[in-house]
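Work through the exercises below with the structure in view. Try each task before you read its solution.

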Amino acid sequence: MPTPVHYRSADEDSARWLDFAFRPGDIVISTRSKNGTTWMQMICALLVLRTADLPAPLSQLSPWLDWLVVPRQEVYDSLAAQRHRRFIKTHTPLDGVPLDASVAYIVVARHPLDMAVSLYHHIDNIDRDRLHQLTGAPPPSEPAPPPSEPAPPRSKPAPPPTEPAPPRRPLHPWLREWIAGDPDPREALDSLPGVMWHLRDAWQRRHEPNVLLVHYDDLRSGLDAEMRRIATWLGIEVPADRWPELVRAATFDRMRQRAGDLAPDGGGVLKDSRAFFRAGRSGAGREALSAEELDSYHERTAQLAPPDLLAWLHRQA
């Protein structure tokens, strides 16, 4: 088995996967940010538990394994204690996760422009000082410690920023820069090159029996059918009389109503859990750009991904 690629950011570390003990039947949900991660976690919770009355918050039922906010051993212990079929969240591409033939891997893809618009608004909803306090990293206004110095301990609150953050750029120029940006995709996974890196790797694996790709727009336009397809692929049987209740529980509006239990808010890093479920619609990214700018976007993505992946990704359900 090839050694997984190591992905590390200020609040995530894919190396946590290396010591994790899989169980046969585990489900790994691997998506980019704002691509439908929480939606797929909810669908898996409903299918595995066969009830809309979840016994615990979604983030406890489906831990984010490589998130540095929660200590590694705490995540391991939580998953080891679970007796139901486990479904685990990660934003790490599949080439950064150990691939086990007895494990199911689900990748959700969304039109990158819609993902970017959601990401733009999501950034405003994150309490950055709280996040840095929990991960031990300094606030954005401070320089990172030199390599010889350890990160501050989790129990010691990070000092507040010395200067207020600059005003946020409007969506339109931010989106144009996001399209044009060319960072290393392994270091900036929520950039356009990073999104395409993640999806291109998954697309190459789509014919493997334990890898499933799901399109966000198919969940929007045909939730019942997609949930049945996912259940069949996972080998899960749900009594017919429970399907309507489970599908209703997985709708965007119902999930927003239950934001307190469903939003990934470990440690209180979200300013508003309901704002996490902001809109969930498709087309916002395309509406924000001119025809010329959309052409530039398509020229850019043609450099980053094969035509068949782009045709699937950009289609409208």
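**Exercise 1. Find which residue of β4 stands opposite I106.**

Step 1. I106 stands opposite L212 in β4. Strands here are DSSP runs (E, at least two residues; helices are H or I, at least four), numbered from the N terminus.

Step 2. β3 and β4 (residues 211-215) are parallel and share five bridges. Two strands pair if DSSP finds at least two bridges between them.

Step 3. Turn to β1 (residues 27-30). Three bridges join β1 to β3, again in parallel. Here V28 has Y105 as its bridge partner.

This is a predicted model: local features need pLDDT of at least 70, side-chain atom pairs count only at pLDDT 80 or more, and totals for chains, interfaces and linings use all residues. Residues are numbered from 1 along each chain as its sequence is written, and side-chain values use heavy atoms, with hydrogens and water left out.

**Exercise 2. Decide how many residues of β3 are buried, and which way they point.**

Step 1. Strand β3 spans residues 104-109, and six of its six residues are buried. Buried means under 20% relative accessible area, exposed over 50%, partly exposed in between (1.4 Å probe, protein chains only).

Step 2. Sort them by direction. A104, I106 and V108 point one way. Y105, V107 and A109 point the other way.

**Exercise 3. Describe the buried and exposed residues of α15.**

Step 1. Helix α15 covers residues 291-302 and has twelve residues. From first C-alpha to last it reaches 17 Å, close to the expected 16 Å. The expected span is 1.5 Å times one less than the number of residues.

Step 2. E293, L294, Y297, R300 and T301 are buried in α15. Seen down the axis, they fall within an arc of 120 degrees, so they line one face of the helix. The arc is that of the directions from the helix axis to the C-beta atoms.

Step 3. On the other side of α15, A291, E292, E299 and A302 are exposed.

**Exercise 4. Name the residues that touch the most other members of the largest nonpolar core.**

Step 1. A nonpolar core is a set of buried Ala, Val, Leu, Ile, Met, Phe, Trp, Tyr and Cys residues joined through side-chain atoms within 4.5 Å.

Step 2. The largest core has 43 residues, and L175 and W178 touch the most other members. The elements giving two or more residues include β3, β4 and α15.

Step 3. Apart from this core lies another, of 36 residues, among them W39 and L61.
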